[in-house]
Amino acid sequence: MEALIWIALTALLIATPFYYPRWRLRRVLAQPLPADALAVLQRNIPVYRRMAPALQQQLQRLVVQFLHQKKFIGCEGLDVTDEMAVTIAGQACLLLLNRPSKVYPALHTILVYPSAFVARRADVGPGGVVTPGHQTMLGESWDDGRIVLSWDDVQRGAGDWTDGHNVVLHEFAHQLDSESGRANGAPYLGNPASYGEWSAVLERDFQNLRHSAMYRQHSVMDHYGATNPAEFFAVATETFFEKPYQMAEHHAELFAEFLKYYRVDPREWLAPPPPPPEPPMQPYSFLGGW
């Protein structure tokens, strides 16, 4: 009898690390998002109020899981408040709506700086000469389960949802990109057959953006997306969620690929942009016509 008890206890000890986190998560998800956190979503996620009730409920549930599983750390003396955490979680979870997701399973920590931070960079020059350097950053996504964000720029992204710039959407797009194995502009699409069309469309528009950046031509997407395919995917994600009408008009096939991937249409949450002003009419001359 004692042997059976010890076997049962041993089995319980072995199983606990696997089942206890799931049990805790189920208990957490059974509780609604607190009222003060809901108020933050309504206040700091401009598109939240225009989302369908079913999507709002999805987002709330995703935020609950995100806050339960991720750790926030303030840097340079910053005290990360509940409002900061909910604002970041709300924007990050917009990328997961209508999609099966474990809520960024490889991510465990979000480091938050008060403002833009300086990161060490090594510049490799001709002949392999490495020169230490520094670069001012607004955000960064690491492959060791961490994301770094500037709170000033998180607020700036939340304050203007039509400029195509959002550091949270950008860095969390990198996290999605990495779920396929490495950040290369081709996130996990579910169906291997989907990669052919995805690669063809993104490669073409990436090269077009590189051409626009080289010749300093206007583009719907930020020229930073011309850096490499991973940055192109992140910048295109910002554009998809913040400038969907413009992206659909000027990059129709790319927009269609992102519709299939993200499974939401941000045009439902945003008013169409105003039409460009008409050029002024030239004064009429009886001697020379218009």
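This is a predicted model: local features need pLDDT of at least 70, side-chain atom pairs count only at pLDDT 80 or more; totals for chains, interfaces and linings use all residues.
**View A. Cys 75 is a buried cysteine.** At 12% relative accessibility, Cys 75 falls in the buried class, where buried means under 20% relative accessible area, exposed means over 50% and partly exposed lies in between, using a 1.4 Å probe and protein chains only. Cys 93 is buried as well, at 0%. Residues are numbered from 1 along each chain as its sequence is written, and side-chain values use heavy atoms, with hydrogens and water left out.

**View B. Strand 1 and strand 2 run parallel.** Strand 1 (residues 71-74) pairs with strand 2 (residues 109-113) over four bridges; two strands pair if DSSP finds at least two bridges between them. Helices (H or I, at least four residues) and strands (E, at least two) are DSSP runs, numbered from the N terminus.

**View C. Tyr 104 and Arg 263 have positive phi values.** Most residues other than glycine have a negative phi. Tyr 104 has a phi of about 50° and sits in the loop between helix 4 and strand 2. Arg 263, with phi near 60°, is in the segment after helix 10 (252-262). Tyr 104 is buried at 1% relative accessible area, whereas Arg 263 is partly exposed at 46%.

**View D. The largest pocket holds about 740 Å³ of space.** On a 1 Å grid over the protein atoms alone, a pocket is an open set of points where a 1.4 Å probe fits, with protein on both sides within 12 Å along at least five of seven lines; lining residues have an atom within 4 Å of a point. Which residues lie nearest the centre of the largest pocket? They are Gly 139, His 170, Glu 171, Tyr 224 and Glu 231, from a lining of 31 residues. Helix 6 gives the most to this lining, with six residues.

Note on methods. Grid points are joined across faces, edges and corners, and a volume is the space filled by probe spheres set on the points.
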